[in-house]
Amino acid sequence: MAAVELTHITKTFGTVKAVDDVSYSVEKGEFFGLLGPNGAGKTTTLRILLDIFKADSGTVQVLGGPLTDAKKDHIGYMPEERGLYQDIPLDRCLAYLGSLKGLDQAEVKRRAQTYLERFDLADSSRKKVKELSKGMQQKAQIIATLLHEPELLIVDEPFSGLDPVNTQMVKDLLREEREKGVTIVLCSHQMNLVEELCDRIVLIDHGKVLLYGELADIRRRFSANAVLVGTPAELPALAGVESVERQNGTVKLNLAKGIEPQSLLQALVAQKIPIERFEVALPTLDEIFIRVVQGEQP
Amino acid sequence: MKKMWLVALHEYRRHVLTRRFVFGLLSVPLVAILFVGLILLVMSLDVNTTPIGYVDRSGLLSNPVEAPKPSWPDKPVPNIAYMTEAQARAALDSGLIQAYYVIPADYQNTGALQVVHAQPVKDASRRAFYSFLAANLLKTTDPAVATRLVEGANVTVQSVDGRRSLSGDDWFSFLIPMIAGIGFIIAMFTSGGYLMQAVVEEKENRTMEVMVTSVTPNQLIAGKILGDTGIGLTQILLWIVFLVIPILIFQRSVEFLRAIQISGQSALVMVLVVLPSFVLVAGLMAMIGATVSEAREGQQMTGLVSMPVWIPYALFAVMMGNPNSPLAMTLSFLPLMAPVTMLLRDGLTILPFWQIGLSSAIQIAGAALVIWLAGKAFRAGMLRYGKKLSLRELFGKA
């Protein structure tokens, strides 16, 4: 059963079509990436999913049906722009947001304390939210999103403002949630993190879906006929290699049409060239993102 | 339903447990105390206890009795008799007396008096001397009759159906609805201001986006209005306590305080008309917060709500002349103007039950409509960062 299913969603603001016939689904327990350049319609799609906006047309199914008030208690949403009450202490803010998700006060306190300690915020729990640093507020927002142990987690740019240590902590946390069976929708510009975490992605631009599917499959679809070779030796001219690019100790060999990587490997071995690394060159998600947004089709 | 109460409780605690609220709460009675204190100071400065002299040619004061003790804030002023006007004048010139009266021989027939002073005689001193004269004019009269003559009649006006009565002693009861009206307006716009600012801030700092994934816009707006009404009622309740405590303390020594009474009609008006109006204004403030992009803009729009509320005070003279005029009746039914109009009329006349009932129904319907509209404005305007909401958008689909 899909945890989220959007079918032919359209939303117009004035004369601007923010979302244009968007369809995608997120399977239960999946780590799903929602990508797109600024103003592509990602956040609007999320807001429609969360019933903050009503779609002009199309249907939305969340956790097996239309989104109800009861289902909202099973969803954790972290918006891109952080939203916490600034003028009250952090513990009170968390207690309030947790209670709105159906938790009783004792349970909220217990869970909040666990997360606050894990995120190294326990000493700041009595401080007003506005007195916390940007990174601390970011961590507090993540706690507020996870406090009620949601089935569906929707996080919009969760790593912005975090240092590498905290980024790793949040990555670990998201992986843990995924291992618990939580469905995660990650909206981010940090392609390396999406690449690292997500199973499937959808790429939206100008309100339309440009790419949708398994990440590995998409990378294969966009791969050029090239290999990466790591060698301490100087490579001789090789048959079937159209051009050579050097990249930080690795050599990228662009192969002519019809030449298989396997035959090149055989040629290298035959010439007794020492090989430390040999792999098919797949494009990074960053490269795919730029190529697709610039109009390239796989 | 539970979430609405959670929102209400949060809103209440968020504003009531702040220094700003406590300051606002105390500032009104403090200003009132300061104001009353200034009046009392002026009144006490008006009392000059320097003796007043007199030259009696009528024989009325040949064997004088003292004037009765004046009621507060007046003080006793001693009287000194002089045989001749020259002696009195010398005493005046030396500052021994503040003025002297010459009582002519035919005073009891004509009532004519002559006063000589360096500075005009203040009211309190004049009252003291007249009281002295009256006591001596009546000294041979039965004391009970004399008291009646001096104090006059205490007329109590009683309505035909017995619902209301008003006597000369409880004039303060007539002022209570006026004071209540001002307190109501201050509380309404203070707490309404908190509500509007909270909504604008939640839009600005994106808290709204998190909130609406936990509660519906209607739960959110209803909870906020409920919390806001609670804040306003807390203010009013505490002000009442501040008012009642000094009344209870000074009741024994200040006569008019003993006569204070709150009529059943006043209580009805407060519960049936003022309370729904409070909710109506809170809904309007929430709606303004949801439609504007920044707090400053909202404060400007608040003027559009507060102006009609004050209009009945501007028309008070007209209403006092005829509190049951068509104008007064019309204002009693109009949302925003009804609460103050009804409170003012409550102090002046007997309000027919049907008018209280109809006004209440209109205010309740108005409050319900405004809450519904505020919910719509919330939904349409909550994520319009930095943009105003147009009327078309307010009435269209979010």
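## Salt bridges within the chains

In this predicted model, the side chains of Glu177(A) and Lys180(A) come together in a salt bridge with an N to O distance of 3.1 Å, the term standing for a side-chain nitrogen of Lys or Arg within 4 Å of a carboxyl oxygen of Asp or Glu. Side chains of opposite charge can pair when their charged atoms come close, and over all chains the structure holds 30 salt bridges.

Another salt bridge of chain A joins Glu195(A) to Arg219(A), with the closest N and O atoms 3.4 Å apart. This pair links distant parts of the chain, since Glu195(A) lies in helix α7 (residues 191–197) of chain A and Arg219(A) in helix α8 (residues 215–221) of chain A, 24 residues apart; helices here are DSSP runs (H or I, at least four residues), as strands are (E, at least two), numbered from the N terminus. Glu195(A) counts as partly exposed at 22% relative accessibility.

In chain B, the side chains of Asp123(B) and Arg126(B) form a salt bridge at 2.5 Å, N to O. Because they are three residues apart in helix α5 (residues 123–137) of chain B, Asp123(B) and Arg126(B) are separated by about one helical turn. Both partners are partly exposed, Asp123(B) at 40% relative accessibility and Arg126(B) at 29%. Elsewhere, salt bridges that share partners join Asp87(A), Glu11(B), Arg14(B), Glu201(B), Glu202(B) and Lys224(B) into one network.

## The interface of chains A and B

The contact, defined by heavy atoms within 4.5 Å, takes 30 residues from chain A and 24 residues from chain B. The size of an interface is often given as the accessible area lost when the parts come together. Between chain B and chain A the buried area is about 2600 Å², with carbon and sulfur atoms giving 55% of it; this area is what two parts lose in accessible area (1.4 Å probe) on being put together, summed over both.

Three salt bridges are counted between chain B and chain A, and one pair that meets in a salt bridge is Asp87(A) with Arg14(B), at 3.5 Å, N to O. Across the interface, nine residue pairs are in polar contact, both residues being at pLDDT 80 or more. A polar contact is a pair of N or O atoms within 3.5 Å, where within protein one must be able to donate a hydrogen and the other to accept it, and residues adjacent in sequence count only if both atoms are side-chain atoms.

On the side of chain B that touches chain A, α1 (2–16) and α8 (207–211) of chain B each supply at least two residues, and the largest share, six residues, comes from α1(B). The residues of this side divide into 10 nonpolar, six polar and eight charged, where Ala, Val, Leu, Ile, Met, Phe, Trp, Tyr, Cys and Pro count as nonpolar, Asp, Glu, Lys and Arg as charged, and the others, Gly among them, as polar.

## Aromatic pairs

Over all chains, a search of the whole structure finds 13 aromatic pairs. One of them is formed by Trp310(B) and Tyr313(B), a tilted pair at 5.6 Å centre to centre with 40 degrees between the planes. Rings of Phe, Tyr and Trp (its six-membered ring) pair if their centres lie within 6.5 Å, and planes under 30 degrees apart count as stacked, over 60 as edge-to-face and the rest as tilted.

Trp310(B) and Tyr313(B) are separated by about one helical turn because they are three residues apart in helix α12 (residues 295–314) of chain B. Trp310(B) counts as partly exposed at 38% relative accessibility, while Tyr313(B) counts as buried at 17%. Ring pairs also link Tyr54(B), Tyr101(B), Phe129(B), Tyr130(B) and Phe132(B) into a cluster.

## Positive phi angles

Most residues other than glycine have a negative phi, and most peptide bonds are trans. Asp120(A), however, has a positive phi near 60 degrees; Asp120(A) lies in the loop between α4 (105–118) and α5 (134–146) of chain A and counts as exposed at 64% relative accessibility. Leu336(B), also not a glycine, has a positive phi of about 75 degrees. Leu336(B) is found in the loop between α14 (326–333) and α15 (338–348) of chain B and is buried, with a relative accessible area of 15%.

## Basis of the values

Residues are numbered from 1 along each chain as its sequence is written, with chains lettered from A and ligands numbered from 1 in the order in which they are written. In this predicted model local features need pLDDT of at least 70 and side-chain atom pairs count only at pLDDT 80 or more, while totals for chains, interfaces and linings use all residues, and side-chain values use heavy atoms, with hydrogens and water left out.

Note on methods. Buried < 20%, exposed > 50% of the residue type's maximum accessible area, 1.4 Å probe, protein only.
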